[in-house]
Amino acid sequence: MSFKKFPVEPFKIKAVEKIKLTTPEEREELLRQVGYNVFALPAEKVFIDLLTDSGTAAMSDRQWSRMIIGDEAYSGSQSFFHFEKVIRQIFGYKHVIPAHQGRAAERLLFEALVKEGTYIANNIHFDTTRANVEIRRGVAVDLSWDEAYDPDSPELFKGNMDVNRLDNFLREKGRERVPCVMITVTNNSAGGQPVSMANIKAVSQVCRKYKVPLYFDACRFAENAYFIRQWEPGYQSKSVLEIAQEMFSYGDGATMSAKKDALVNIGGFVTLNDDSLAEELKNLLIISEGFPTYGGLAGRDLEAIAQGLMEGVDEDYLEYRVGQVNYLAQLLTDAGIPVYKPPGGHAVYVLADRFLAHLPREQYPAWALSVALYREAGIRACEIGGVMFGYRDQQTGKMVFPRLELLRLAIPRRVYTLSHLHYIAEAFACLAQKRETIKGFRIVYQAPYLRHFTAKMEEVS
Ligand code: F0G
């Protein structure tokens, strides 16, 4: 369809949810009340919510109809067997263990695998994944290639892992101290960039050489597979489902937050081949999440996930989905807003330290931009920068900042239309005109873990 100039929605709307724009005065007062932390805003006071693409998807009529069919038996529900069948079809692993969301799946896996002084390598750990390793006193090591941190590099597949670094790392630590390697598809902490099939294969070979199992953090596997189809030679005639199956064939298991590419509002799972580890995970599951055939979810949720996973690999949907992200990135670029390039699968990442070049890193430019965006237009976005990942070095007493200072505009799946994207771009164009007046922030309260969720901030005058 060569005349298509923009990502037309491959659906029509059957139910709508009202959204309302607050007044500038209301927003100012709300910001003050929540300590300038947009995480703490009541959602009804947000006009366009780009905080996350997680659990925010619009379900389809078919998913809603599967929810009525949900079998709510405590044990052995039909919905579990449906869920298991679909996950086995896509992932190809033997055991399927439901959990209430991604981090619960990670916690189960790491509770079994991570002991004090062991290491988990990942391309880049997502924040909850890192926290789940560290709380077990393990060490979470990021081994992505340098390109991931270069927002201007024209390379494709910037989510890749550095295979040489992985090889050196495994040689140095030895398999006893590395219970598994993980690869996050797509790489959320680096611009939502995909990982190539060639890289997955190479990582798998290195893991096999050292006999270390390879797991996927598979939240956005369908978007990753779609990029492989678009960009990687040899995959153009394969379906996204076939590509996903090939990706997973190089690993030993996966954790997944179904709140992303399974197009549901809650859910997750671990899937793996190792029989004794699966047994251990199921025992842990019973203590915290529930019986192994529901794992913290209702039968209706399992049905919605099973249906959503198949809709998530649908190519018309993915063309629109990835197209929307690309379209917004283009609108922002046209308005002179610096963004991470090329755009990834689920979000546009604004380079906040460049956009607000007058603010030092100590004044958290991406945080300042999140506040300015809400103030200007009622849009909520997520800081992925100094507040989320910065820390004070215990030895030197100095602040250490992550390499990238980003404001993530995550696009919920099937929720916003093209005109919403134009509204977002216009808001940024307005901010660009007064960027020098945007002030920085200092932290006045922080929690010991994942401080960005609850931090209280103060504007630097
Ligand atoms: N792994 C990745 C790569 C993620 O992006 C997330 C969640 C998780 C694991 C944890 O899954 O939320 O279901 O427990 N990311 C969301 C986000 C929160 O906004 O990027 P969860």
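**A tour from the ligand outward**

Start at the ligand: one of its oxygen atoms sits 2.8 Å from an N or O atom in the side chain of Asn188. Gln101 does likewise, with a side-chain N or O atom 2.8 Å from an oxygen atom of the ligand. For Thr52, a polar side-chain atom lies 2.7 Å from a ligand oxygen. Pairs like these are called polar contacts, meaning two N or O atoms within 3.5 Å; inside the protein, one must be able to donate a hydrogen and the other to accept it, and residues adjacent in sequence count only if both atoms are side-chain atoms. On its own the ligand exposes 470 Å², and the protein buries 94% of that (areas by the Shrake-Rupley method with a 1.4 Å probe; for residues, only the protein chains shown count as cover).

A quick word on what you're looking at: this is a predicted model, where local features need pLDDT of at least 70 and side-chain atom pairs count only at pLDDT 80 or more, while totals for chains, interfaces and linings use all residues. Residues are numbered from 1 along each chain as its sequence is written, and side-chain values use heavy atoms, leaving out hydrogens and water.

Now zoom out. The protein splits into domain 1 (24-53 + 315-459) and domain 2 (61-312), with bounds from an automatic or database domain assignment. Their C-alpha centres are 26 Å apart, yet 28 residues of domain 1 are in contact with 36 residues of domain 2 (contact means heavy atoms within 4.5 Å).

What about the inside? A nonpolar core is a set of buried Ala, Val, Leu, Ile, Met, Phe, Trp, Tyr and Cys residues joined through side-chain atoms within 4.5 Å; buried means under 20% relative accessible area, exposed over 50%, and partly exposed in between (1.4 Å probe, protein chains only). The largest core has 67 residues, and Phe91, Leu166, Val181 and Phe221 touch the most other members. Apart from it lies another core, of 54 residues, including Val34 and Phe401.

Finally, the cysteines. The whole structure has zero disulfides (pairs of cysteine sulfur atoms within 2.5 Å). For Cys382, the nearest cysteine sulfur belongs to Cys219, 14 Å away. Cys382 counts as buried because its relative accessibility is 4%, while Cys430, at 37%, counts as partly exposed.
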